[in-house]
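Please open the model in your viewer and keep the selection tool at hand. This tour moves from one selection to the next and says what is found at each stop.

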Amino acid sequence: MKKSKLLSIITLALMLSMVFAGCTQETPGTPAADFDFDKDITVVARDAASGTRGAFHEIMNIIVKENDTEVDKLVVGALEFDGTDKVITAIEGDKYGIGYISLGSVSERIKAVAVDGVEPTVENVRSGSYSVSRPFLLVTKGTESKLVKDFLKFTESAEGQAITNEMKFIGAIDAPGEYTASGMSGTIKVAGSTSVAPLMEKLQEAYNELNPDVTFETQAQGSSQGIKAAIDGSYDIGMASRELKAEEASELNRYVLAIDGIAVIVNNENPKSDLAADDITNIYIGEITKWNEVK
Amino acid sequence: MQTRQSNFNEIVMQAIFFLSALISVLAVLAICLFLFMRGIPAISEIGFTDFIFNEKWGPVNIPASYGILSMIVGSIYVTAGAIVIGVPIGLMCAIFLSEFCPDNIYKIVKPAVNLLAGIPSIIYGFFGMQVIVPFVRENFGGNGYSILSASIILGIMILPTIISISESSIRAVPESYAEGSYGIGATKEETVFKVMVPAAKSGILTSIILGIGRAIGETMAVVMVAGNAVMPLNKIELLKPIRTLTTNIVTEMSYASGLHESALISTGVVLFVFIIILNASLSLISSKTQRN
């Protein structure tokens, strides 16, 4: 019995070492040289319920809105994965792949390309020149109460911005101020975007540590709901993960809480390092299927 | 006094054993209850035909559509592929192990098969993503995330089930069958293939059905190699990606809410019905053999 166990361990070890040997042989040697532009593009997307997908498909016009309908035109046969890590693994393993992930998750395993000539860096996202990003907004109506003002001040303080950066979003404030606990009490009602909600929750927790008498009522049902709730006054603060429409902006005070950049990623062996936004859209809706059709 | 004490022990122990038996029944009932309570209202809200016989899955579209036909077909294809790959290999391995295998080779193969059964499915998935997917991409074409990759991975995963049950059922065939066969002048090969294997038929069939059950319910490994694209029925191909019932649930469950979430639970109901059908056919087979 002991012998057979030993033998099975040895065979397993052998098999494993063969597998790993196989892997190392596949790792890239010469980039670009053997990149076949006639190959089909492997389009990688996130699952339908993902916030990153919602934002990316909306910014890139993959979701087409007409009257009251909204249709996601993602090309048939696009791979869908339920996590950033799987998207990265898929792109890392497929020379002809393209995908998208939150800017904070970009690593050396894959290559984040420039969009319309603009590199996806924190600076470019903050300045607004990198187009594939979305603002996380807080909106209020009229003059805020002292309490709401105090909370907003906290979100814009060095402490609030540190939490924002910790959550891998990009703090939008250039020179954040100091915040000291105000010792206020009362209730703040917040409603809106599900993408902003996790960040909001962390900010509320930190704020509560400083001001334990303040309670929050938070409802996350989407940006439009939050904006509507702020306009009709049923909630103090609305959260939105999209830019305001003109008629909304005229009625509301707009505070940029953070900016979320989305990086378009390709395999390290892909010679392309700059893609036009239109081409990316066309790849995702299936108008472009091969790399040689990309400018 | 003595007898009273032992009577008491008897009763307590009986209760404990009965309770243990009850727990598994309760677990099944609780799962059924949860699935059907959450799933059935969603199916009726979406509409039975719109749910089962519609190939359009667009939970975030406005208006949303929740058709799972593509995933039902996907599950069937992937499972069928696993059977095509796994059953011949598994069956031949079982015949080899039970009839032809020298002792020293048996000592290697048998533990290896057992080890295969113990590997967690996420490891299979990782192996599939790193090895099978590139292999399929380079040798068969496409991007590798495909029905074929999923079938290969599942084919390997059902091997232990098929091998161990088939092997023990072939071993369970009475020695007198073989002796009778040799007695009328049959060779070893004739004896094995014309007497032993047919005699173990019901055990082999059981192993295949259990294999189907494992394949159709497998999630973590499939989600990493199948690509999870919802394909219209006329575009389903061996080398194209596919979404199965299980992977539909696991890919979208984390962020889903409202009717979308309920629709995913309803997907589980459909899967559950598949498993019930499989188990029913299993007990049909075993009751048939008992009568024989």
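How many residues of domain 1 of chain A are in contact with residues of domain 2 of chain A? Before the answer, please note that this is a predicted model, in which local features need pLDDT of at least 70 and side-chain atom pairs count only at pLDDT 80 or more, while totals for chains, interfaces and linings use all residues. Residues are numbered from 1 along each chain as its sequence is written, and chains are lettered from A and ligands numbered from 1 in the order in which they are written.

**Stop 1: the two domains of chain A**

Select 42-133 together with 263-293 as domain 1 of chain A, and then 134-260 as domain 2; these bounds come from an automatic or database domain assignment. Between the two, 9 residues of domain 1 are in contact with 9 residues of domain 2, where contact means that the C-beta atoms, placed from the backbone, lie within 7 Å. The C-alpha centres of these domains are 28 Å apart. On the domain 1 side, α2 (51-59) and α4 (122-127) of chain A each supply at least two of the touching residues; helices here are DSSP runs (H or I, at least four residues), numbered from the N terminus.

**Stop 2: where chain B meets chain A**

Now select chain B, of which 34 residues are in contact with 34 residues of chain A. On this side of chain B, α4 (103-118), α5 (121-140) and α12 (245-252) each supply at least two residues.

**Stop 3: B:Met129**

Within helix α5 of chain B, pick B:Met129, which counts as buried because it has 23 C-beta neighbours inside 10 Å (buried means 20 or more other C-beta atoms within 10 Å of its own). Leaving aside residues up to four places away in sequence, B:Met129 touches A:Thr89 and A:Gly93 as well as B:Met224 and B:Val225. B:Val225 is 96 residues away along the chain, yet the C-alpha atoms of B:Met129 and B:Val225 are separated by 5.6 Å.

Methods:
A residue is buried if 20 or more other C-beta atoms lie within 10 Å of its own, exposed if 12 or fewer, and partly exposed in between; C-beta atoms are placed from the backbone.
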